[in-house]
Amino acid sequence: MVEFDDKEKLFNLKGIALGNPVLEFSTDFNSRAEFFWSHGLISDSTYNIFTTVCNYSRYVSEYYHGSISSVCDRVMSQVTKETSRFVDKYDVTLDVCISSVLMQSQVLTPSPNSTEQLNRALDVCVEDETMNYLNRKDVQKAMHAQLNGVPKWTVCSSVLEYKQLDLQIPTINIVGALVKSGIPVLVYSGDQDSVIPLTGSRTLVHRLAKRLRLNATVPYRVWFQGKQVGGWTQVFGDALSFATIRGASHEAPFSQPERSLVLFRAFLASRPLPESFE
């Protein structure tokens, strides 16, 4: 869009926000070990083998090439045992739904997570309920939806082929090109997501800022939603920003809708995130 606009002036692109994105395969995926360890999900000894014997990017690469080594298999078995099937890797603090099969896990995580429903105001079974609703014949008829070639509607189907190894293609360079062209880019992270943890995203944003020689124009600080801390943020130059959403999952608006709304409104209005109580 940016390159085309240099000639045609067709798009009025104002900015791009990326939530818990895969920006660089090794950095993003290998930050999972530190996140697991720092949140108490794995032991010191498992953290050691997860960072020295077989890291997560190596395991995922082997998995999608169809040739998992015995050493990586042993390491991942230990990691899986300690982190538990009953912890939602997309939000390690969120209670889980036993019947929910998180389809996106099959895209980013080779081993899908089983889950368990516990008491919480947030409906953690909303994905199951959505699937059941959209597969009702009366709903499909009302929506004029046709299941051509598929037995039922799912969150992530195999109808559109997803090339798994494309995960290894870095996109951080595209972010850099956008920033250099003057397009504001916000990278934000739900801070309870262990699939694409905030630590990897923050590292990559800092690294990009250094490469582009962008100074920090807003120092690392908290931002507020109402009278509570909504997260942390830092801005480099006038077009590159990083922010976390406190207590949020991989899909931040699902678990922290109010804080996500504050973040999006500020970005759309080109305003800094709130620095004090409302």
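Predicted model: local features only at pLDDT ≥ 70, side-chain atom pairs only at ≥ 80, totals over all residues.
Trainee: Thanks! What radius of gyration does the chain have?

Mentor: The C-alpha atoms fill a box of roughly 55 × 45 × 45 Å along the principal axes. For 278 residues, a compact globule would come out near 19 Å, and the chain agrees with that, at 20 Å.

Trainee: What share of the residues is buried?

Mentor: Buried means under 20% relative accessible area, exposed over 50%, and partly exposed in between (1.4 Å probe, protein chains only). Of the 278 residues, the buried share is 42%.

Trainee: What is the strand order in the open sheet?

Mentor: Helices (H or I, at least four residues) and strands (E, at least two) are DSSP runs numbered from the N terminus, and strands pair if DSSP finds at least two bridges between them. The open sheet has five strands with mixed pairing, in the order 1-2-5-4-3.

Trainee: How many bridges join strand 2 to strand 5?

Mentor: Strand 2 (residues 185-190) and strand 5 (residues 240-245) run parallel. The number of bridges joining the two strands is six.

Trainee: Which helix packs on the sheet at about 165 degrees to strand 5?

Mentor: Angles run from 0 to 180 degrees between N-to-C directions of lines fitted to C-alpha atoms, for helices over the stretch in contact, and contact means heavy atoms within 4.5 Å. The helix in question touches strand 2, strand 3, strand 4 (228-236) and strand 5; it is helix 10 (residues 198-211).

Trainee: And which helix makes about 140 degrees with strand 3?

Mentor: This one also packs on the sheet, touching strand 1, strand 2, strand 3, strand 4 and strand 5. It is helix 12 (residues 257-268).

Trainee: Is Thr27 buried or exposed?

Mentor: Thr27 lies in helix 2 (residues 25-38). Leaving aside neighbours within four places in sequence, Thr27 contacts Gly200, Thr203, Leu204 and Arg207. Its relative accessibility is 17%, so Thr27 counts as buried.

Conventions. Residues numbered from 1 in each chain as written. Heavy atoms only, no water. Rg over C-alpha atoms; globule rule 2.2 N^0.38 Å.
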